[in-house]
Number of protein chains: 4
Amino acid sequence: MKRKDYDDALDELALELVGMARWAKAKGERIVVIFEGRDTAGKGGAIKAIHGTLNPRQCRIAALPKPSEDEKTQWYFQRYVAHLPSAGEIVLFDRSWYNRAGVEKVMGWSSEDEAQHFLRAAPIFEKMLVDDGIRLFKYWLTASQEAQEERFKERLDDPLKRWKLSPTDIAARDLYADYTAARETIFAETHTAWAPWTVVDFNDQKRGRLTLVRHLLDRLPDTHVEPEAIEWTPLGHDPLTEDFKVLRPIENFPVKD
Amino acid sequence: MKRKDYDDALDELALELVGMARWAKAKGERIVVIFEGRDTAGKGGAIKAIHGTLNPRQCRIAALPKPSEDEKTQWYFQRYVAHLPSAGEIVLFDRSWYNRAGVEKVMGWSSEDEAQHFLRAAPIFEKMLVDDGIRLFKYWLTASQEAQEERFKERLDDPLKRWKLSPTDIAARDLYADYTAARETIFAETHTAWAPWTVVDFNDQKRGRLTLVRHLLDRLPDTHVEPEAIEWTPLGHDPLTEDFKVLRPIENFPVKD
Amino acid sequence: MKRKDYDDALDELALELVGMARWAKAKGERIVVIFEGRDTAGKGGAIKAIHGTLNPRQCRIAALPKPSEDEKTQWYFQRYVAHLPSAGEIVLFDRSWYNRAGVEKVMGWSSEDEAQHFLRAAPIFEKMLVDDGIRLFKYWLTASQEAQEERFKERLDDPLKRWKLSPTDIAARDLYADYTAARETIFAETHTAWAPWTVVDFNDQKRGRLTLVRHLLDRLPDTHVEPEAIEWTPLGHDPLTEDFKVLRPIENFPVKD
Amino acid sequence: MKRKDYDDALDELALELVGMARWAKAKGERIVVIFEGRDTAGKGGAIKAIHGTLNPRQCRIAALPKPSEDEKTQWYFQRYVAHLPSAGEIVLFDRSWYNRAGVEKVMGWSSEDEAQHFLRAAPIFEKMLVDDGIRLFKYWLTASQEAQEERFKERLDDPLKRWKLSPTDIAARDLYADYTAARETIFAETHTAWAPWTVVDFNDQKRGRLTLVRHLLDRLPDTHVEPEAIEWTPLGHDPLTEDFKVLRPIENFPVKD
């Protein structure tokens, strides 16, 4: 997809996202969006596309670190529950509780039993949230191994992206089919009427982002809320300038001639 | 500043930021960067410029909501302390404890006494963190009222930015000089050898970001750490394709012909 | 019940409690005990009887304060989930999520709809915890209004107990029947195979405590775990005395002749 | 000290404690009491004596578990700060930040450097809290090795107390003098005008508790606040009885004839 077309389309969606956030605040709505998918699928970029247009005090990213030793022994959902939204909040989960039946299962960090237990529990857990009025959206971002290989290579070669390449990623190259199988099991067990999965093709990441955001917006009810009127009056005097006494600004970054 | 020049310069800085983050992780460094300044100065954009290049599991934004009734009665620093970094983490504070002597003081939400008390406490609090090995950077972003007025107007007129315009912003128009005075007091009381303020001119926001990041990087020691070697082997088979049985991707966002 | 008989019986139970806690730690068991019942029923005393014999770093009391404004808008169970046990922990809930269909309902702080919603959700929530391996016990302590009146009067007259008498208590005097009705509804909706209620007569509080603890112990499997052997050797020298240089103990509390 | 004399004296102190708590709530006071001292000195019992008379929703015990791997890398005071009181709260620390220069130092879990660093930081940290209006009390409970040996032996022999006997305790037998030295260093460095230590002789634990509570109460200002008047009216009808339809109380614990 061409950059210009993407930018134009994204600008239009951004407007709707901003309107949606105003609505969520006015109505006390709570929104949870889960981003799952293979490494390199484009979860981080999709999250940034949404988060970047919204008030960071209203829209939070939940990207949980590895669980501590204590957390590992707790109810599996406990540490995620702590990040659920209050009224008006939008929480974007960069990976989620599905780790248990995804990466943890494929990498052997959780047992077959634990994964099975999780797959039975997840729909029930999610139904509780949805019944409580939380709007829950689950997106699965997909990409072919060809695209994945390209992106891994890019991470390897581009020093800006090198931090994205983890040992788990390297392992994922040989586990592409296992991840496919894990995903299919997740879908079979947790694609429910109250919390359905939506699969989005991220072989073209820009287009994938537009597809995802368009879909998300379409699944919300009419979110139109008029912005509060603001009375704007002339300043009534010449604008003031900064007045430094104690400290002065440092020298500006040099601009090329 | 021209977009192209900015992008080129930012790319170079991004490389160094990524290297710095690798170093922080390898050495267990803890880094706190405080972003303060007038509304519209460009705190959010500067934070995004840094955060966007780094691993969100390593670099966190701390943008605290209003304190709860209980929190208001606690030790003023308590709710900020909860966001301080563990080993390897970089925390970007979008506003900070300086609220007390800044917006709270100017808007009359904290008393003169509370502001005074805070100003005596802040340098001591910061010295404790610095003595503990936390690297603390405090940036103050400045802009003239002319720039501020333009940006407020833009927030008013641009539906994408309307959410940034709060009643506190409107009040700030008449309080420009009070904010200047509050800032000067803050500098006079809290610009210390161990936690100095750095003032950055954000009348040109792009240039301001470059100035700030360049300065931040220059204040760190040699952060060179070689990335871990990764053994990259050929895949050994044709790349696999996604194989959907339970659910298929939804239709892609339409592309114009 | 006579004090002497009570003390003897409690000592025996304490031994078993201590053994149970050793087992919980050794096996990584997680135990949750909910204490519900009318004001004055004796929840606090029963909790202290258990907590007082166990290691306070293993056995925690969860007596949650009023929810903050933000918490009120969250998933109802969220703030309780934060107190669920890690491996080896025993958590005693002094009141619990049942507030929603109990005191909140009777006092009109939650709506009929919210109470109904809660009553449908609670058994599902509890099943998730139980399926996850948490051992969940729910005790309802009962007392007649005659006993309640006596105890309220005692709280009124005994300055040591005056703090226990709240406006909600006073209101409870006229609402005895409403509390009965609320309890019956709770039992009808949330007495489940996986998380049954146990009603304990606390008209005699000492006897009630013994009944409750005996029942709790009987519902656990064989909890025998041998304490770790400790090699105890003679000290090998005369015992040392405290040696004060900087500060000395203050004068002891005077003892009557 | 005789049980009867102790009980009488404690009852009188309990009355004052209750009055003090009422005052703390009415005035929004925040109170922190630190209990330090050798193993077996009697910290737990002293804490229970206070906590047992007060409202557990107002008076909290902070008995922190071992730090997690992440917490170990944070600012040392961070995890303690999370437990500081809000307005009206009384927090009893069962051990505290002094672990760093006490047990951690003696057992070699923290380095000489870390202990030194802590000893410089603690008075500054405490001054911040005190300057903020928190009332901070630091008690050190002492006992001779003779008493300690007796109590260790009791822990070994009494199955009810066996859980109190840890490997660290056993190690403490050979380290009595090291603990003395560590304590003297702590006093030398952290006995300040704003947060002085009070040493209490706990060779007789009952008397020690009385001494400590008496001292604590004497260091507070006039805490007299009249309890809120409560209008007590007759019930107006015969007291109601419990009315069970869904579930009935289980059989009472048998009483000997």
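A polar contact is a pair of N or O atoms within 3.5 Å; within protein, one must be able to donate a hydrogen and the other to accept it, and residues adjacent in sequence count only if both atoms are side-chain atoms. The exercises concern a predicted model, in which local features need pLDDT of at least 70, side-chain atom pairs count only at pLDDT 80 or more, and totals for chains, interfaces and linings use all residues. Residues are numbered from 1 along each chain as its sequence is written, chains are lettered from A and ligands numbered from 1 in the order in which they are written, and side-chain values use heavy atoms, with hydrogens and water left out.

**Exercise 1. Describe the surroundings of D:Glu89.**

Step 1. Locate the residue. D:Glu89 lies in the loop between helix H4 (78-81) and strand S3 (90-94) of chain D; helices (H or I, at least four residues) and strands (E, at least two) are DSSP runs, numbered from the N terminus.

Step 2. The D:Glu89 side chain reaches the backbone nitrogen of D:Ser86 at 2.9 Å.

Step 3. List the contacts (heavy atoms within 4.5 Å). Apart from neighbours within four places in sequence, D:Glu89 touches D:Glu29, D:Arg30, D:Ile31, D:Gln58, D:Arg60 and D:Leu84.

**Exercise 2. Determine the setting and polar partner of C:Glu29.**

Step 1. C:Glu29 occupies the loop between helix H1 (3-27) and strand S1 (31-37) of chain C.

Step 2. C:Glu29 counts as buried because its relative accessibility is 15%.

Step 3. Beyond neighbours within four places in sequence, the contacts of C:Glu29 include C:Trp23, C:Ser86, C:Glu89 and C:Arg135. With C:Arg135 there is a side-chain polar contact of 2.5 Å.

**Exercise 3. Identify the buried residues of helix H2 in chain D and the elements they pack against.**

Step 1. Helix H2 spans residues 43-51, and its buried residues are D:Lys43, D:Ala46, D:Ile47, D:Ala49, D:Ile50 and D:His51.

Step 2. These residues pack against helix H1 (3-27), strand S1 (31-37), strand S2 (59-62), S3, strand S4 (135-142) and helix H10 (205-218) of chain D.

Step 3. An α-helix has 3.6 residues a turn, so residues three or four places apart point the same way.

**Exercise 4. Characterise the interface of chains A and B and the relation between these chains.**

Step 1. Superpose the copies, by least squares on the C-alpha atoms of residues with pLDDT of at least 70 in both. The same surface serves both copies, since 100% of the contact residues of chain B recur in chain A.

Step 2. B:Arg57, B:Trp232 and B:Phe253 supply 12% of the area that chain B buries against chain A, more than any other three residues.

Step 3. Count the salt bridges (a side-chain nitrogen of Lys or Arg within 4 Å of a carboxyl oxygen of Asp or Glu). The interface of chain B and chain A holds six salt bridges. A:Asp94 forms a salt bridge with B:Arg57, with the closest N and O atoms 3.5 Å apart.

Key: Buried < 20%, exposed > 50% of the residue type's maximum accessible area, 1.4 Å probe, protein only. Buried area = accessible area lost by both parts, 1.4 Å probe.
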